[in-house]
Amino acid sequence: MTEGGLLSAQEVAIPVEVHVPLLMKILNYDRSLAAKVHGDIPIGVLYQGKYRTSSTVADEVRTAIAQLPDDALSGFPVRLIAIDLDKTENLGRELVSQGVLVLYLTPMRAVDLDVVLRASRDAQVLTVTGVPEYVETGIAIGIDRRGERPQIVINLTASQAEGADLSAQLLKLARVIKQKGR
Amino acid sequence: MRSKHLALLANLVIAAPFPARAQDSLSPSNSGLDALLNTKVSTAAKYSQTMIEAASAVSIITSEDIKQYGYRTLDEALASVNGFYLTYDRGYTYLGTRGFSRPTDYNNRVLLLVDGNTMNEGVWGTAPLGTEFTVSLASIERIEVVRGPGSALYGPGAMFAVVNVITKTGTGIDGLEAAVQGGSYGQRRGTVLFGRRLRSGTAVMFSGLIEGKDGQDHYYPEFDTPETNHGVAHNLDWERRWGVVGGVAHGDLALHARYGVRTKAIPTGEYGADFNVPDTYYRDTHGAVQLEYNRDLAAAYHLSARSYVDVFQLKGQASYGGAQSPITAHSTQVGAEAALRWDFHSSSRLTVGAEVRESYHGDYVSGEHRQETLASLYLQEEYQISGRLTALGGLRFDDQRTSDNALSPRAALIYAPSHRTTLKALYGEALRAPSTLEAGAGADNAVDPEGVKTFELLWQQRFSRGYLSTMSVYQYQAHGLIEATGDNLTSYANTGEADAVGVEMGIQARPGQYLAWYGGYAYQDARADNSETRLTNSPVHQLKGGVSVQTLPWLRPAVEFRYESPRRTVIDTETDSYLLTNAHLLITPREDDRVALSIRLNNAFNTRYALPGGTNDRQAAIGQDGRNVSVQLRYRH
């Protein structure tokens with residue numbers, strides 16, 4: 001299986017209101033996250049302002065995160081940063097300047113994933129998404145659907161490249177994808 | 001703290017027994033209205049979008065709806081769609097939409113798909129929508145209904161609606177399920193469903209259905225003479241059917257196959273057949289194999305392609321003047337379709353496609369065997385003008401060897417002033433080429449395609465959490481309608497025009513996982529053109545609704561009602577209006593839902609009602625079933 005490629009508008013497998021709180025719970029099992037925190041946890045939401053589905057999901061993510069308790073993520077509050085890829089010239093620079101620690105990818109159209117991966121790995125930002133197909137092409141953590149249950153999908157190579165240290169207990173619960181690293 | 005998180009995570013994701021009630025299920029209805037609105041539909045544009053984004057009037061019937069309301073057949077599920085109404089003539093079920101359901105039109109103005117593959121057969125264009133649809137409802141993930149013309153994407157035949165039945169994937173099923181069912185009129189049914197994602201990543205699914213029903217004796221006063229058993233059709237309402245569906249998916253490839261047979265006795269003496277003669281029946285066989293390929297080629301290109309073989313056979317017999325006469329027809333359709341989707345910017349998506357289809361068919365009436373070739377090109381552009389305004393335009397060109405070429409355009413504007421409000425202005429044209437029977441039996445073979453033009457304004461409003469209202473105003477003009485003429489029902493001509501205006505208002509409420517309800521009112525004024533005469537088989541008013549409530553952790557009752565105003569018959573009488581009430585009880589004694597008991601009561605108050613017969617029937621109206629019950633026991637491993 002190769003990494004990179006394109007992001008074509010795929011589907012969110014599980015409703016946002018369900019998978020976002022689940023992702024927040026999952027992030028508690030990144031042992032490297034707490035060491036990077038300075039007061040709060042900035043989560044970037046990457047979307048395309050000119051693609052309605054993407055901007056709608058971004059709004060839903062914003063709503064879902066706003067409803068989380070203040071200490072939902074390793075005891076720290078979460079700060080949401082919306083990043084419109086259609087208006088961002090340099091994603092890597094944006095991630096660094098905003099201090100983003102986690103980057104959530106909404107469904108997007110015609111986006112070269114290499115651009116996103118290069119930026120996230122240079123900035124050591126953990127990527128998460130509700131579109132399970134994106135995990136198979138290089139995003140670190142996603143949520144799929146198995147029967148009537150959500151299924152955690154982890155691209156172990158990608159998560160390690162992004163500086164995450166995921167606990168073995170979490171990996172046991174997940175469907176783990178191993179790829180040759182970039 | 002961390003161990004508490006881990007326990008919660010484990011409870012959510014692993015398949016171990018735990019309190020798995022509605023709140024832990026991810027089905028759209030149990031996750032509220034948001035989940036339903038985010039359910040992706042592919043029928044409206046041939047790519048995934050939400051029902052709010054779709055440039056059409058779209059309804060979704062989910063697998064949870066099927067489970068909670070206890071639908072047993074496809075037509076029971078479709079009856080819940082606003083603007084839809086059904087007619088049953090003791091042989092086949094016909095779908096009316098927006099006031100249009102011509103007697104004996106064989107459902108050839110509605111396109112029925114299963115996983116994107118056409119189920120309308122090649123002789124009459126019939127869409128099997130009742131018990132002649134042999135796909136088990138347990139294998140259905142959702143039913144996507146697109147009301148209005150669909151020829152700009154699907155070609156000839158999609159005049160008034162496209163119904164796409166999406167089956168569950170092997171990954172989604174993830175287990176084995178079996179059910180047995182018994183009920184009134186000697187009904188007995190068995191179904192099985194299996195699906196799994198293998199370690200190799202291949203997903204497999206299989207579903208099977210087998211059913212028998214003894215039926216009832218029916219009395220028809222039109223045949224009340226000593227020679228015809230005083231109008232009683234004895235032992236002529238039985239039915240046998242079975243069907244299988246299978247699917248294999250790996251990577252970019254998916255293979256679907258289905259095969260089913262339905263045999264139904266006919267008690268009505270239709271088409272002038274001798275009344276009350278044993279072994280008067282039709283046997284419909286539908287089969288299909290479809291191979292699909294979907295791949296993202298590059299940063300902005302997606303290729304989808306499919307090839308298919310569809311087969312249909314009709315066999316039966318009836319007696320005319322004391323002599324048994326066989327009934328046969330067959331069609332084989334072989335085709336391929338490819339479409340390239342180009343996202344050259346996040347705001348713009350262009351789809352270009354082509355389809356080629358060869359059809360071989362023959363029927364007992366014309367005695368002819370014909371070959372038809374269809375070659376089509378279509379394109380569609382979706383452009384987001386601004387954050388709130390989207391435009392869509394599409395055009396399809398169909399070249400049929402045995403019929404005039406056709407252009408089918410569509411256009412739409414979608415304006416979303418807020419996240420809660422969506423306004424749509426829709427225009428579309430669609431056509432239907434004459435079927436083999438119609439083309440062969442026209443005067444000098446001069447039967448032209450019929451067409452329809454539709455204009456619609458649609459308003460969708462979310463208010464409060466869990467409530468969605470929809471209001472639609474539409475107008476359509478149908479021209480060159482192909483109808484049977486004269487006493488000889490096998491003569492066809494483009495007899496005339498029809499136009500209609502209508503309003504559809506509906507509300508869907510899913511305020512939480514324990515309660516779901518819906519309501520809908522449709523006003524449809526459909527008339528023959530330049531005339532004050534309403535179309536036959538066209539109720540002016542429809543009112544329908546349903547409610548499903550989780551009253552106890554193991555008990556979920558549901559009730560639905562349907563009201564219709566009178567329909568005009570082919571002999572210019574009227575049927576009575578009627579109110580039908582159906583009830584359902586879903587009992588799940590185990591917390592993991594492995595076992596379920598489903599009790600469905602149709603026509604709970606035993607309402608006596610009749611629906612218009614066709615031009616092939618002596619009966620102006622045909623009585624429908626009284627109160628009947630079915631009980632289903634399901635086990636899931």
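1. How many helices and strands does chain A have? There are eight helices and nine strands in chain A. Note that the model is predicted.

2. Overall dimensions of chain A. The C-alpha trace spans about 35 × 35 × 35 Å along its principal axes. The radius of gyration is 15 Å. A compact globule of 182 residues would have a value near 16 Å, so chain A agrees with that expectation.

3. Burial and contacts. In chain A, 60% of the 182 residues count as buried. Take the contacts between residues at least 6 apart in sequence: 70% of them join residues at least 24 apart.

4. Surface and charge. Chain A carries 20 positive and 22 negative charges, and their mean positions lie 4 Å apart.

5. Helix 3 of chain A. This helix covers residues 52-66, 15 residues in total. From first C-alpha to last it reaches 21 Å, close to the 21 Å expected at 1.5 Å a residue. Its buried residues include A:Val57, A:Ala58, A:Val61, A:Ala64 and A:Ile65. A:Arg52, A:Thr53, A:Ser54 and A:Ser55 are buried as well. An α-helix has 3.6 residues a turn, so residues three or four places apart point the same way.

6. A site in chain B. Is B:Thr351 buried or exposed? B:Thr351 is buried because its relative accessible area is 6%, where under 20% counts as buried. B:Thr351 sits in strand 20 of chain B, residues 348-363. Leaving out residues up to four places away in sequence, B:Thr351 touches B:Tyr47, B:Ala339, B:Leu340, B:Arg341, B:Tyr378, B:Leu379 and B:Gln380.

Key: Residues numbered from 1 in each chain as written. Chains lettered and ligands numbered in written order. Predicted model: local features only at pLDDT ≥ 70, side-chain atom pairs only at ≥ 80, totals over all residues. Heavy atoms only, no water. Helix = DSSP H or I, 4+ residues; strand = E, 2+ residues; numbered from the N terminus. Rg over C-alpha atoms; globule rule 2.2 N^0.38 Å. Buried < 20%, exposed > 50% of the residue type's maximum accessible area, 1.4 Å probe, protein only. Contact = heavy atoms within 4.5 Å. Lys, Arg positive; Asp, Glu negative; His and termini not counted. Charge placed at Lys NZ, Arg CZ, Asp CG, Glu CD. Expected span 1.5 Å × (residues − 1).
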